Amino acid sequence: TEKINAADAMIKVLEDWGIHNIYGLPGGSFDSTMNALYNRRHTINYVQVRHEEVGALAAAGEAKVTGRIGATFGSAGPGAVHLLNGLYDAQYDNVPVLALVGQVPTAAMNTNYFQEMNENPMFADVSVYNRTAMTAEQLPHVVDEAIRQAYKHNGVAVVTIPKDLGWTQIDDNYVSSANLYQKPLLPDPDPDQVAAAWDILKDAKKPILYVGNGARGARDEIIAFSEKTHIPIITTALAKGIVPDDYKANMGSAGRVASKPGVEVARGADTVLFLGSDFPFQPYFIAPNAKYIQVDIDGS
């Protein structure tokens, strides 16, 4: 079996999962992965930013726009801290992001070495998966698992990498699980609940269709429903683009950054069909006696 640096093997896993871009700011504690990004420069695109927060926000933004996992990185200590704002953005908007975090060499860990921090507790709240690689051989596996968990939970997965592990040569024989991944196949909704929702809509005088980010990918169905029922559409800020801005029934958005038609339609609505949104401002923009139908896969 041919040998390969563990960091290179890890980057090959990212490529298997279809990650095309990775955003970050280099640092000495991340040099083994930077070397791997240079070696793999023809198959993965490194985008250098000027602050780690920007890199994390860019990764979250890419995930929101594409529906695929975004990737970012930061070096040990201060670089890791700077990632947090962008990672919380991904957490709150429920998008998958992989964050690779540098760490001092294993021999220097737990010695109060320059820029050494205990990084795992730092990311405990923001992440759905948070691990430090312990051996070079397990590095590609840990990253493979991190990406699976990020997709499963639509959240942030963090992998901390002691820099010497990335330089260590391992067998080039790791096979990622990317080709086995299957998005969950959701069950059909309860027919009785659908009938009850339709009864509410039929009795409504001024219904609206409120589209959130959870409806991404359902443009044709949303427009067909609006055409059939003649119900106007409002979108959340995150859902902008699901329904084209120039579609005749798209009133824009309601809220703090909104369009005048969107605000007026929201205020006048007596029934709201929510699609994939946990819009927090509805008490301020929708009449308190309006009826609601919420369509969501998240019971919370």
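Modeller: Gladly! Keep in mind that this is a predicted model.

Colleague: What makes β9 and β10 a pair?

Modeller: Strands pair if there are at least two bridges between them. Strand β9, residues 207-211, is joined to β10 by 3 bridges, so the pair meets the definition of at least two. The two strands run parallel.

Colleague: Which strands make up the open sheet, and in what order?

Modeller: There are 4 strands, in the order β10-β9-β11-β12, with parallel pairing. The edges are β10 (233-235) and β12 (291-295): each has a single partner strand, so one side of each is left without a neighbour in the sheet. From one strand to the next the twist averages 20°.

Colleague: How do you know that helix α9 lies across strands of this sheet, and which ones are they?

Modeller: Contact here means heavy atoms within 4.5 Å. Helix α9, residues 191-203, lies across β9, β11 (271-275) and β12. Its direction is at about 140° to β12.

Colleague: Where do the domain bounds fall?

Modeller: The domain assignment gives domain 1 as 3-180 and domain 2 as 191-295. Their C-alpha centres lie 38 Å apart.

Colleague: What does the UniProt record say about residues 5-119?

Modeller: An unreviewed UniProt entry annotates residues 5-119 as "domain: Thiamine pyrophosphate enzyme N-terminal TPP-binding". In the model, that stretch is 43% helix and 18% strand, and its end C-alpha atoms are 24 Å apart.

Key: Residues are numbered from 1 along each chain as its sequence is written. This is a predicted model: local features need pLDDT of at least 70, side-chain atom pairs count only at pLDDT 80 or more; totals for chains, interfaces and linings use all residues. Side-chain values use heavy atoms; hydrogens and water are left out. Axes are lines fitted to C-alpha atoms, for helices over the stretch in contact, and angles run from 0 to 180 degrees between N-to-C directions. UniProt positions are given in the numbering used here, feature names are shortened, and annotations may be inferred rather than shown by experiment. Domain bounds come from an automatic or database domain assignment.
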